[in-house]
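I'm going through the strands and helices, then the chain contacts.

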Amino acid sequence: MENILSIKNLSVSLSGKRGIVPILHNISLEVEAGHILGIVGESGSGKSMTAFAITQLLPGGRKSIVDGSISFCGQDLTKKTETEMTKFRGKEIAMIFQEPMTCLNPVFTIGRQMKDVIMTHQKKNAREATKQAEKMLEQVHIRDAGRVLKCYPYELSGGMRQRVMIAIALSCSPKLLIADEPTTALDVTIQAQIIFLIKEACKATGTGVIFISHDLGVVSQLCDTIAVMYSGQIVEVGSAADVLTHPHHPYTKALLASIPSFTTREDGDDKLSAIPGMVPDPLEHIPGCRFAPRCSYAMDICHNQVPPPQICANGHSLHCHLQREGEN
Amino acid sequence: MISPKKIVGILEQNTLTLIGTIMVAFIIIIGITAPLICPYDPNIMDIPSRLQAPSLAHFFGTDEMGRDVFTRVIYGARISITVGLSIVVIAAGVGCFFGSISGYAGGKVDRVIMACTDMVLSFPSMVLALALTAAMGPGLFNTMLAVCIVRIPLYVRLMRGQVLALKEMQYVRAARTFGERPAKIILRHIIPNCLTPLLVQMTLGIGDAILIASSMSFIGLGAQPPTPEWGAMIATARIYAIDQWWYAAFPGLFILITVMGFNLLGDGIRDILDPRSKD
Amino acid sequence: MEPLLEIRELKKTFKIKNFFGATTEVQALKGISLAINKGESLGIVGESGCGKSTLANLIIRLDEPTDGAIILDGQDISHIKEKELRRLRSRIQIVFQDPYSSLSPRMTVEQILTEPMCVAGTKTFTEMRQKAVELLELVGMRSSNLTRYPHEFSGGQRQRLSIARALTTEPEILILDEPTSALDVSVQAQVLNILTSLQKKMDLTYLFISHNLAVVKYISNRTAVMYRGKVMEIGPSKNILMSPAHPYTKKLLEAVPIVGKPFHQPDTEDASVNEEDILDGCGYYYRCPFAEKKCLGKLPGFIEKANDHLVSCWKV
C-alpha cells in the first residue's frame with residue numbers, strides 16, 4: 001500500500017526563552033492509506049510536537065529548526081511556505097484536538113462553522129455546503145443533524161462536540177487525519193463510540209490516521225501500527241498486536257507493567273512497577289539513548305551511543321542496544 | 001524570590017520597559033536629590049531676572065517672578081511623585097480591602113459594596129474629582145483626597161474580580177478544608193496571587209493620578225501658588241506661552257516623562273513578578 | 001462494628017440562575033447511602049455528571065447537603081456550624097485532582113505543609129518543621145525541597161506534596177478526588193504505590209474517586225458505581241468489576257479499552273439530546289437495553305445479589 005506520509009530522520013529544535021531546545025531527535029515514521037498509526041508516549045515524549053511538525057504549526061513558527069524530511073504524497077512539507085501549507089491544512093491534512101470546546105468558536109452555530117470550512121476548501125455555495133454539513137453529521141451518527149446545525153457549541157456535550165470536530169475534519173475528505181488525544185477528556189462510554197467512528201471513517205474513506213495518545217488501551221484497540229516515543233525519540237515501532245503484547249524495548253515493557261490491570265492479582269499484594277526517576281528535561285544533553293538513565297537494563301554503550309534502528313522479523317523496528325547484543 | 005539577575009534579564013530583553021524604568025528612576029532621583037542639585041531656592045523671587053530665556057545661569061530660564069524654572073521643575077518632581085504615590089497607595093489599600101470582602105463574602109455584602117462602587121463610577125472621574133474639590137475648597141491636599149476617592153472603585157472591582165476567580169482555586173479550597181479562617185485565607189492565599197495585576201494597575205495608576213492632579217492644578221483647584229507644582233506652573237505659563245516658551249515647555253516635558261515612564265514600567269512589571277517565568 | 005463514616009440518603013440540589021433571573025434546579029445527588037469502615041478503602045466510580053465530586057465536596061463540608069445526613073463516628077456533621085466543624089476538620093482531609101492548582105503558587109513547600117498545623121495551633125515552629133520533614137520523607141521526597149516553590153516540581157511530585165499536606169493533621173479519612181487522573185501512567189504508578197503503603201502504615205481510610213476502573217480496582221476493597229446522582233451498584237471491588245450485575249456497570253466495563261482486549265463495537269445510539277433528568281426512577285432508563293415502564297417509578301432499593309454485593313435494579 002502506498003505511503004501517504006513518510007517522515008525520515010526528522011529532528012526539530014525550538015528557539016525560545018531558554019535558548020535552542022531540541023524536542024524531536026531523528027524521528028522516522030510512515031502512514032499508509034487506510035491505516036491507523038498510533039503514537040504513544042507520556043508527557044514530554046514529543047508526540048504532539050510531531051503532529052505540529054507535520055502541519056508546520058510548531059510554536060515559534062518559522063523560527064524553529066527542522067532537519068530531515070516530511071514527505072506527504074510525494075511532496076516535502078518542510079520545504080513549503082506558509083501560504084502553500086494553508087492549502088494543505090483542512091483539506092489534505094486535518095487535525096482534531098483534545099478539547100473540542102476550545103476549537104469551536106462559541107459565538108457561531110455549528111452549522112455556520114462547518115459551512116465556513118466547506119466553502120473555504122471546496123467550490124460550493126451556501127446551500128450545498130449546508131447539505132454537505134448535514135450529510136457529514138449523519139456520517140458521524142448524529143441523529144437530528146438539522147437541529148444540531150443550529151446549535152451553539154455550549155449546548156452540546158463533550159462527546160457530541162468531538163463528533164462535530166471529526167465531521168469537520170473529514171468534510172473535505174482529507175488524505176491524512178491527525179488526532180491529538182481526542183478521547184482523553186471524554187467518558188469511557190463516549191470514548192468507545194469515538195474510537196469506533198474514527199475506525200469506521202478510516203476504513204470507509206481510505207484516510208490515513210495518526211492517533212496520538214498516552215492511553216495504551218485505546219491505542220491497542222484502534223491502531224494498526226504503534227510507535228512508542230520517549231523524550232523526543234522513537235523507541236519502538238510495530239504492529240499493535242506485537243508491540244503491546246510482546247514488547248521488546250525496556251521502556252515499553254516498563255510502561256505496560258505500570259498500568260493497573262483487571263486480571264486478578266491479589267489486591268494490595270503487588271506494587272505497581274513504577275519507572276524510577278523522571279523524564280529528562282529537553283535541554284539536557286544525553287549523548288546516548290535518552291531512556292538509559294532510567295533503564296534497568298542499561299549498559300555502557302547505551303549511555304554513549306544512540307541506538308540505531310533495528311528491524312526485527314515481521315517489520316517491528318526497535319531502537320535498543322540490548323536487543324542488538326542478542327540478549328533478551 | 002525575585003532575583004536581581006532575573007530583573008536584569010527582563011530589562012535586557014524588553015527595551016520599552018528599560019526606557020520606562022530609566023525615566024521613573026530619573027524622576028525619583030531628581031526628586032530626592034532636589035536640594036543638592038538645585039542651584040536656587042524655588043520660592044525666592046528675583047524680579048529683575050524675570051522671564052529670561054534658558055542660559056547657563058538658568059538652565060530652564062526664569063518665570064514671571066524671576067524664580068529659576070529648573071529648580072521649580074525639580075521640586076515639582078517631589079510634589080508629583082508624592083501626590084501620585086499617596087493617591088495610588090491609599091486608593092489601592094482601601095479598594096482592596098472592600099474588594100476582597102465583597103468578593104469573598106458574596107451575597108448581600110457584595111451587593112451593597114458593588115452598589116456604592118457603581119455609584120461613584122457612574123460619574124466621569126474628572127467631573128467627580130472637580131466637584132469634590134470644589135466642595136472642599138481648592139488646595140493640593142483636597143485634590144489628592146478627591147482623586148483618591150475617585151480611584152477607589154477601580155481597585156475594588158479589580159480585587160473583587162481576582163478574589164472571585166481565585167476563590168475557586170483548589171489551593172484555596174484546600175485551605176478551607178483545614179479550617180483556615182476567611183481573613184487568613186485572603187491574606188495568605190489570595191492577595192499574594194493577585195499581586196501582579198494589582199501592582200501593574202497601581203503603577204499605571206501613578207501616572208494617571210499625577211496627570212489628573214496636574215490637570216486640577218492647571219485649572220486652579222489643586223496646588224495653589226507659590227507651590228512649584230507642574231500643572232500650576234503650566235497654568236501661569238499660559239499667558240507667556242508664545243514669547244517665553246520655556247516656562248510651559250519644561251514642566252510639560254517632565255509631566256510627559258513621568259507619566260510615560262510609569263506606563264512603560266507598569267507594562268513591564270508583570271514579567272518581573274511572575275514566578276512562573278524561569279530564570 | 002460501627003462504620004467510621006456513614007452517608008444516609010444524601011441529596012444536593014443546585015439552583016442555577018440564568019441571565020433573566022429564572023432559576024433552574026439541578027439535582028446533583030439524588031439520595032446516596034454509603035458506609036465506610038475504618039481501615040478500608042471505598043472506590044467511587046462514575047462518568048462525568050454522576051455527582052462523585054459533589055459527594056466529595058459535601059463530605060469534606062466545603063458545601064452543605066440539601067437533605068440527608070453525613071455521620072462521622074456517630075456524629076452528624078451535615079449542618080454543624082463552622083466553629084464546631086473546625087475541630088473535626090483534622091479528621092477528614094482531601095487530595096484534589098489538579099496538581100497544578102492545588103498548591104498555592106507563592107508559598108514554599110514548608111509554608112504549604114505547616115499551614116494546617118498553624119491553624120490547629122498546637123505545635124511550636126521547630127515541631128512543625130520537623131513534622132514537615134517527616135511528611136516529605138513519607139511521600140518519598142527529600143527535605144531539601146522545603147524551600148522550593150510548587151512550579152519547580154512535576155505533576156507527580158506536586159500530587160505527592162498534596163498528599164503530604166493532607167496528612168499533616170493526621171486524619172483518619174482521606175478523600176482522594178481523581179488524584180492520578182492528570183498524571184502520566186508511570187507517575188500514576190508511583191503515586192498509587194505511595195498511597196497503598198501509606199494506608200498500611202498509618203491505618204488510613206480511603207474514599208477513592210475516579211473514572212478509571214482499573215485504578216479503582218487496584219486501590220479499593222469495595223467499589224460503588226454512580227450514575228447521575230445515584231449509586232447503581234456497590235460491593236467488593238473484585239465482584240463488581242469481574243462480575244457486574246447492573247446493566248450500566250456492564251456497559252462501562254465493556255467500554256474500557258484494555259491492552260489485548262479485542263474492540264467491542266458500541267451500540268451506535270448517540271448522545272444527541274440532553275435527556276430529561278429522571279428524579280425518582282432509574283437515571284439509566286433512557287439508555288438501558290432492559291428498561292421497562294416500572295423503572296421510571298420507584299427504584300427497588302438495594303437488592304443483595306451476593307455477599308455484600310448490592311444492586312439497585314429491577315432486573316436483578
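For my own bookkeeping, two strands pair if DSSP finds at least two bridges between them. Helices (H or I, at least four residues) and strands (E, at least two) are DSSP runs, numbered from the N terminus.

This is a predicted model, where local features need pLDDT of at least 70, side-chain atom pairs count only at pLDDT 80 or more, and totals for chains, interfaces and linings use all residues. Residues are numbered from 1 along each chain as its sequence is written, and chains are lettered from A and ligands numbered from 1 in the order in which they are written.

Entry 1, parallel strands in chain A. I looked up β6(A) (residues 93-96) and found it paired with β7(A) in the parallel sense over 4 bridges. I96(A) has A179(A) as its bridge partner in β7(A). On to β8(A) (residues 208-213): β7(A) pairs with this strand too, in the parallel sense over 5 bridges, and L176(A) stands opposite G208(A).

Is β7(A) enclosed or open? I get 4 of the 5 residues of β7(A) (176-180) as buried, so the strand is largely enclosed by the rest of the structure. Buried here needs 20 or more other C-beta atoms, placed from the backbone, within 10 Å of the residue's own.

I also noted a right-handed β-α-β unit made by β7(A), α8(A) (residues 188-205) and β8(A). Right-handed: with the strands pointing away from the viewer, the path from the first strand over the helix to the second runs clockwise.

Entry 2, the open sheet. I read the order of its 4 strands as β2-β1-β4-β5 in chain A, with antiparallel pairing. The edges are β2(A) (19-32) and β5(A) (75-76), each pairing on one side only. β4(A) (65-72) and β5(A) share 2 bridges in the antiparallel sense, and S71(A) has D76(A) as its bridge partner.

I checked α2(B) (15-32) against α4(B) (69-105): their axes (lines fitted to C-alpha atoms over the stretch in contact) come within 8 Å and cross at roughly 110°. That makes α2(B) roughly perpendicular to α4(B), the label for 65 to 115 degrees. I27(B), I28(B), I30(B) and G31(B) meet I74(B), A77(B), R78(B) and I81(B).

I have 34 residues of chain C in contact with 42 of chain A, contact being C-beta atoms, placed from the backbone, within 7 Å. α6(C) gives the most to the chain C side, with 7 residues.

Note on methods:
Two residues are in contact if their C-beta atoms, placed from the backbone, lie within 7 Å. Axes are lines fitted to C-alpha atoms, for helices over the stretch in contact, and angles run from 0 to 180 degrees between N-to-C directions. Angles under 35 degrees count as roughly parallel, over 145 as roughly antiparallel, 65 to 115 as roughly perpendicular and the rest as oblique. A residue is buried if 20 or more other C-beta atoms lie within 10 Å of its own, exposed if 12 or fewer, and partly exposed in between; C-beta atoms are placed from the backbone.
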